[in-house]
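Reader: I am new to this structure. Can you show me how to read it, one feature at a time?

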Amino acid sequence: MSAPTRPPITPRGEEKVFFDRLREHKLVFQRCAGCSHAVFPLRTVCPHCFGESLDLERAAGTGTVYSFTAQARASHPFFAADVPYTLVLVDLDEGVRVFANLVDCPPDDVSVGMPVEAVFDDVEPELTLLRFRPVSIEEQS
Ligand SMILES: [Zn+2]
C-alpha cells in the first residue's frame, strides 16, 4: 500500500489571492471602502453593507485564541502522523477571525485568550499554509 498523499488544495478566485499572499509570507484580509468593516475570508461582496469595494490589507499576524479543539483522530490518512494536533480560531488584532493549526504548543497548554502569532509553513514550493504559534511572555515585552 502506498503512502497517502496530501488532499489537493486548488484555491480559486479570492481564495487564490489569499494563498498567493501566504506564499509571500503575508497574512491579508479586506477592508470595506463603504463601511470600513474588516472582512475575512476574502470575498467579492462586503457581508456588512453588500458593497463591492473591498481593499486588501496586510494583517500584523498577531491575535488571541478565541476557541480551539484538539484533534485526536486525523481528518485524512495523510495527517495520521500529526495527531494530536490543535486547531484554533484566532481573533486577529485587526478584528477578523481566522482558522488554522496551532504549532509549537502541546494541546494541553492551549487556552482561550492566549496570545498567538502567525507563522508561514512552506509545505511545498507552490504552497504555503498559515499556522499560529504561542507568543511567549518574553517576546511580548
Ligand atoms: Zn461594507
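Author: Start with exposure. A residue counts as buried under 20% relative accessible area, as exposed over 50%, and as partly exposed in between. The model here is predicted. Phe 50 has 64% relative accessibility, so Phe 50 counts as exposed.

Reader: Where does Phe 50 lie, and what is its phi?

Author: Phe 50 lies in the loop between E2 and E3. Its phi is near 65 degrees, a positive value in a residue other than glycine. Ser 36 also has a positive phi, near 70 degrees. Ser 36 sits in the loop between E1 and E2. At 48%, Ser 36 is partly exposed.

Reader: Which residues coordinate the zinc ion?

Author: Look for the donor atoms. Here they are the SG atoms of Cys 32, Cys 35, Cys 46 and Cys 49, at 2.2 to 2.4 Å. Along the chain, the donors follow the spacing C-x2-C-x10-C-x2-C. Cys 35 and Cys 49 link distant parts of the chain, 14 residues apart.

Reader: Why is the arrangement tetrahedral?

Author: Four donors count as tetrahedral if all angles lie between 85 and 135 degrees. The 4 donor atoms here subtend angles of 100 to 116 degrees, so the arrangement is tetrahedral.

Reader: Are these cysteines buried or partly exposed?

Author: Cys 32 is buried, at 2%. Cys 35 is partly exposed, at 26%. Cys 49 is partly exposed too, at 33%.

Reader: How many disulfides are there?

Author: A disulfide is a covalent bond between the sulfur atoms of two cysteines. The count here is 0.

Reader: Which peptide bonds are cis?

Author: One joins Phe 40 and Pro 41, with omega about -5 degrees. Another runs from Val 83 to Pro 84, with omega near -5 degrees.

Methods
Residues are numbered from 1 along each chain as its sequence is written. This is a predicted model: local features need pLDDT of at least 70, side-chain atom pairs count only at pLDDT 80 or more; totals for chains, interfaces and linings use all residues. Side-chain values use heavy atoms; hydrogens and water are left out. Donors are N, O and S atoms within 2.8 Å of the metal (3.2 Å for Na, K and Ca); water is not among the atoms, so sites may look incomplete. Four donors count as tetrahedral if all angles lie between 85 and 135 degrees; four count as square planar and six as octahedral if opposite donors are over 155 degrees apart and all others between 65 and 115; anything else is irregular. Helices (H or I, at least four residues) and strands (E, at least two) are DSSP runs, numbered from the N terminus. Buried means under 20% relative accessible area, exposed over 50%, partly exposed in between (1.4 Å probe, protein chains only). A disulfide is a pair of cysteine sulfur atoms within 2.5 Å.
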